[in-house]
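Thanks for making time this morning.

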Amino acid sequence: MADTLTATYALRLGDDALILSHRLSEWVGHGPELEEDIALANTALDLLGQARMLLSHAGECEGRDRDEDALAYGRDVMDFSNLLLVEQPNGDFAQTMMRQFLFDAYAVELWPRLSASHDEILAGIAGKAAKEATYHVEQSAAWVVRMGDGTEESHARIQAGLDLLWPYASEMFEADEVEVTLAEKGIAVASSDMQVPWQTRVEAVLEDAGLAPPQGAGLRTGGRQGRHSEHLGHLLAAFQFLQRAYPGAEW
């Protein structure tokens with residue numbers, strides 16, 4: 001029997017991982033140093049693995065005969081429900097690492113909590129993702145501090161990344177009927193439970209880096225409801241090109 005609420009929830013988390021994975025993959029061969037080039041690729045692969053499992057589970061729950069490939073390649077922009085944060089362009093390396101840190105600080109709170117889900121498949125995915133998130137947040141936080149406490153130019157660049165991306169952070173903690181209903185059933189995580197620990201972690205790292213969030217920067221939301229920035233359309237045009245050009249192609 002179809003479980004549309006769980007399908008929606010799994011799809012959201014899968015879309016977050018899928019889109020951010022693609023963004024990081026754009027750095028392959030362009031990293032500032034070889035070690036970091038490999039680290040970014042590994043993080044992208046971790047996220048892609050999470051996306052595959054979550055999209056597969058979403059497809060099984062919705063009961064519409066769509067597998068992970070159909071969900072990744074067969075949907076248009078408005079059908080994606082990822083956070084606006086993860087679709088933002090890479091910009092320079094500082095902007096990429098700030099985007100990654102803000103998301104990692106959220107993921108490291110999400111996955112351990114979700115590993116207790118009453119949905120056994122979600123719990124299993126979350127258990128594995130929690131271990132990966134611990135490494136990811138250590139890596140991205142270290143870069144934020146390194147650049148914030150580095151040269152005048154590196155500090156200016158990482159502060160600019162924070163100024164640009166900070167308005168997107170609040171969307172991670174917006175709850176709707178889907179989340180509230182599933183949280184009450186013990187399937188999903190209440191995002192409100194994660195906001196304070198996320199903020200505590202982020203503020204500590206920003207303080208170490210000598211950075212400050214912008215004041216009165218406004219909020220950017222709508223990704224969960226399919227209202228995206230223009231950037232997602234450009235990303236999907238590249239990501240889905242082969243399936244759009246040759247529908248149903250297999251190799």
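Which helix gives the largest share of the lining of the largest cavity? Before I answer, please keep in mind that this is a predicted model, and that the count comes to three cavities of 30 Å³ or more. The largest cavity has a volume of about 60 Å³, and the largest share of its lining, four residues, comes from helix 2.

The residues that line this largest cavity are Glu36, Ala39, Leu40, Thr43, Met97, Gln100, Asp104, His136, Gln139 and Ser140, and the elements that give two or more residues to that lining are helix 2, spanning 34-62, helix 5, spanning 93-114, and helix 6. By class, the lining of the largest cavity divides into three nonpolar, five polar and two charged residues.

The second largest cavity, with a volume of about 40 Å³, has a lining of seven nonpolar, one polar and one charged residues. Helix 1, residues 4-25, and helix 5 each supply at least two residues of that lining, and helix 5 gives the most, with five residues. Among the residues lining the second largest cavity are Leu13, Gln50, Phe103, Tyr106 and Trp111.

Let me finish with helix 6, which covers residues 120-148 and reaches 41 Å from its first C-alpha to its last, close to the 42 Å expected at 1.5 Å a residue.

Methods:
Residues numbered from 1 in each chain as written. Predicted model: local features only at pLDDT ≥ 70, side-chain atom pairs only at ≥ 80, totals over all residues. Heavy atoms only, no water. Expected span 1.5 Å × (residues − 1). 1 Å grid on protein atoms, 1.4 Å probe; cavity = no way out; pocket = protein on both sides within 12 Å on 5 of 7 lines; lining within 4 Å. Points joined across faces, edges and corners; volume = space filled by probe spheres on them. Nonpolar A, V, L, I, M, F, W, Y, C, P; charged D, E, K, R; others polar.
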